[in-house]
Each structure stands twice: as structure tokens, then as C-alpha cells.
Amino acid sequence: MSATYLRQATNADLPEIKKIIEEAKAYLKKQGIDQWQDGYPATEDLEFDVNNGITYVLIIDGQIAGTAALHQGLDVNYLNIHDGEWVNGVHGRYTAIHRIAMSSNFRGQHLSQKMISGLITISGVLGYKDIRIDTHPDNLGMQHVITTNGFTKRGTIYMAEKDREASPRYAYQLVIG
């Protein structure tokens, strides 16, 4: 039986995190999904997240199988929601799961669900009852993972992007007890 758990990422994890993100970009491109195809997330984004203690890695048998950022507090991209609303309003106290990606070595093992479940638990331990996440409208796989973890689609948000028009993302929310 293998040990599976989440832990905060360290600077020593950055090379593997960057590799996983690059693999995810290639995987999305292969599927024809225009997400993460413009340089985002960049190395600077990943380094910023690790240095600010918001990156977590999923560990399977001592190997990094996945990565995600757990943003705490207000996310400016979530202030304007269209075709719906957040349960606790745009200024609610919440965490937001961002930049979730699995290593190609572990793809297809339903580990994204374990990762999200762990991030929900961490959110609760940190005192947050409201968890939000978003994904590209074409990313059906991630939409399935999100809804399978109990999130409800709340509307559409628009992600600000450098040198590009803001792109739509489906926004989801889970309120825990």
C-alpha cells in the first residue's frame, strides 16, 4: 500500500512543479483546449506561489504526482461573476484552487479528485468554509473532476490575461460545514 498525501511545496520541488505544469500545457494543447497556451502560468507565477506558501503537492510513494495553488482571500478575477452568483457574495471569505495539474506519469488514476479533496480539507483546517475553483469551458475533464468533488457551477468569470482579451472560465463553489 502506498502513502498518498498532500504537503506544502518547497523551493526544492520547483523543478518538478515546472515540469508538471509544462506537461499539462502540452496535454491541454493536444486536446485543443486554449487554456495555459499563452505562457501562463509562468515560472515567476509558480515561484511566487511556492514562496508565499500556497502551493501544495500530491505525494504518491515519495514522488510528486500533482500540484495546485490554494489562494486564500479575495481573488480579483472572482469579483465579477456573470450568469449567476456566489453563495456568499463576491467578497466572501474563501480559498480558491488554482493551477491544478497532474504529472503525466500519474495521469488517468483519478488523482485530481484526491488532490481537490485534500485541498478542501486544508481549507477547512485553515478556517475557510467557502472554496472556489474555475476552469476553461472546453476542459470537460476538469469540469467532471470539480463536480464529482461536490462543487456547484455558479456562473462565468473572466480571467484577466496579458496582451489578450479576458477569457471566460466556468466558476464553481463548494460551501462546507
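Predicted model: local features only at pLDDT ≥ 70, side-chain atom pairs only at ≥ 80, totals over all residues.
1. The lining of the largest cavity comprises six nonpolar, two polar and two charged residues.

2. The cavity count, taken at 30 Å³ or more, comes to one. The volume of the largest cavity is about 50 Å³.

3. Its lining is formed by Ile-17, Ile-21, Leu-46, Asp-49, Val-50, Thr-55, Thr-67, Ala-68, Ala-69 and Arg-99. Two or more of the lining residues come from each of H1, H2 and strand E3 (63-72).

4. Helix H1 spans residues 14-30 and helix H2 residues 43-51; they pack at an angle of about 135 degrees, and their axes lie 11 Å apart. The two helices are therefore oblique to each other, since only angles over 145 degrees would count as roughly antiparallel. The handedness of the H1 and H2 crossing is right-handed.

5. On the H1 side, the contact is made by Leu-14, Ile-17, Lys-18 and Ile-21; on the H2 side, Thr-43, Leu-46, Glu-47 and Val-50 take part. By class, the residues of this contact are five nonpolar, one polar and two charged.

6. The two descriptions share residues.

Key: Residues numbered from 1 in each chain as written. Heavy atoms only, no water. Axes fitted to C-alpha atoms, helices over the stretch in contact; angles between N-to-C directions. Helix = DSSP H or I, 4+ residues; strand = E, 2+ residues; numbered from the N terminus. Parallel < 35°, antiparallel > 145°, perpendicular 65-115°, else oblique. Left-handed = near helix turned anticlockwise from the far one by under 90°. Contact = heavy atoms within 4.5 Å. Nonpolar A, V, L, I, M, F, W, Y, C, P; charged D, E, K, R; others polar. 1 Å grid on protein atoms, 1.4 Å probe; cavity = no way out; pocket = protein on both sides within 12 Å on 5 of 7 lines; lining within 4 Å. Points joined across faces, edges and corners; volume = space filled by probe spheres on them.
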